[in-house]
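Keep the model open and follow along.

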Amino acid sequence: MALPSSHILPSSAFRHIGFMVLFMAVIAGFSALGLLTTQTVTKSWIQDTQNKMTLEILAFDEEEKVVFDQQRIEQNLAKIQKIIDGDPIIVSVDVTRFDNADDIDKEYQIPSPIFMTFSLHPDRAKNAEQRIMNEIKENVVQTIFKKPEIWQADINRTALTFRFAFISLAIGVFFVTSLVLSATIRTQLQASDKTLKLIYLMGADVSIIVSLFQRALIKPIIWGGIIGLICTGFLFSPAVVFLNIEIQPLLFYGYLCMIFLTFVVVSYIITSFTVRNALKTMP
């Protein structure tokens with residue numbers, strides 16, 4: 001029994017679903033771009049920190065509640081520089097100071113910590129930096145080290161937060177679109193109640209009515225998804241240039257196609273469930 005959907009369901013019945021899918025595709029595109037950007041940036045940062053170690057020469061002792069004078073801080077810096085001078089695993093050292101403003105009198109100036117960033121030799125032995133840390137700690141107690149592993153743990157925690165945010169955004173839009181789809185199907189079922197009851201009583205199987213709605217929905221969903229993917233494609237290149245990152249376009253579009261195909265499958269399932277559940281009330 002063939003039932004042309006255009007005779008029962010008007011072409012405009014699910015038009016707004018196409019716009020919803022278009023919107024979902026664009027948001028999903030930004031989510032995919034955010035995930036790939038997070039992955040690329042995280043990888044780059046971890047590579048940068050693999051051979052880095054930082055040290056802070058303290059200006060304040062939290063346990064003793066003592067503020068060190070700037071002269072003592074500079075003396076500690078000189079001791080550390082003497083210890084690390086000529087060490088084979090240290091490639092270079094950057095020293096960062098936060099000096100007081102020139103217009104502040106010396107009696108009101110606050111001692112500031114000094115930060116040292118060590119660039120370590122990439123071919124060093126495992127935990128070779130621990131030897132330097134121990135030697136510095138023995139001579140200069142007022143120091144705090146941050147090893148590469150600690151930097152990487154901080155980076156991974158931050159990356160995990162961003163990944164969760166982007167995935168939640170995509171799932172949220174996906175979920176809202178699915179709810180709108182389900183509500184639209186129920187509304188259309190009520191609007192076509194008499195027609196559907198008639199063809200149902202004439203012997204139309206439930207699966208035929210389900211496929212009727214599925215055929216009516218697939219066109220706006222596909223068109224909305226295609227237009228959304230095209231719009232996202234136009235935004236992809238400017239976004240990559242603006243963010244100054246390298247992302248493989250095939251991987252990006254692969255994510256989008258996977259999301260879109262998943263939504264098509266979910267749409268078919270939602271349509272089947274909603275229509276079958278509504279038809280249970282028919283005699």
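About 30 Å³ of space lies in the second largest cavity. A cavity here is a set of points on a 1 Å grid over the protein atoms alone where a 1.4 Å probe fits but cannot get out; the points are joined across faces, edges and corners, and the volume is the space filled by probe spheres set on them. This is a predicted model, where local features need pLDDT of at least 70, side-chain atom pairs count only at pLDDT 80 or more, and totals for chains, interfaces and linings use all residues. Residues are numbered from 1 along each chain as its sequence is written, and side-chain values use heavy atoms, with hydrogens and water left out.

So what's around that space? Gln214, Leu217, Ile218, Ile221, Ser267, Tyr268 and Thr271 line the second largest cavity, each having an atom within 4 Å of a point. Helix α7 gives the largest share, four residues, and α8 (249–279) also supplies at least two. Helices are DSSP runs (H or I, at least four residues), numbered from the N terminus. By class, you'll find four nonpolar, three polar and no charged residues there; Ala, Val, Leu, Ile, Met, Phe, Trp, Tyr, Cys and Pro count as nonpolar, Asp, Glu, Lys and Arg as charged, and the others, Gly among them, as polar.

Now move on to the largest cavity, at about 50 Å³. Its lining is made of Val26, Gly29, Phe30, Leu33, Thr232, Leu235, Phe236, Ala239 and Phe252. Seven of the lining residues are nonpolar and two polar, with no charged ones. In total, the count is two cavities of 30 Å³ or more.

Key:
1 Å grid on protein atoms, 1.4 Å probe; cavity = no way out; pocket = protein on both sides within 12 Å on 5 of 7 lines; lining within 4 Å.
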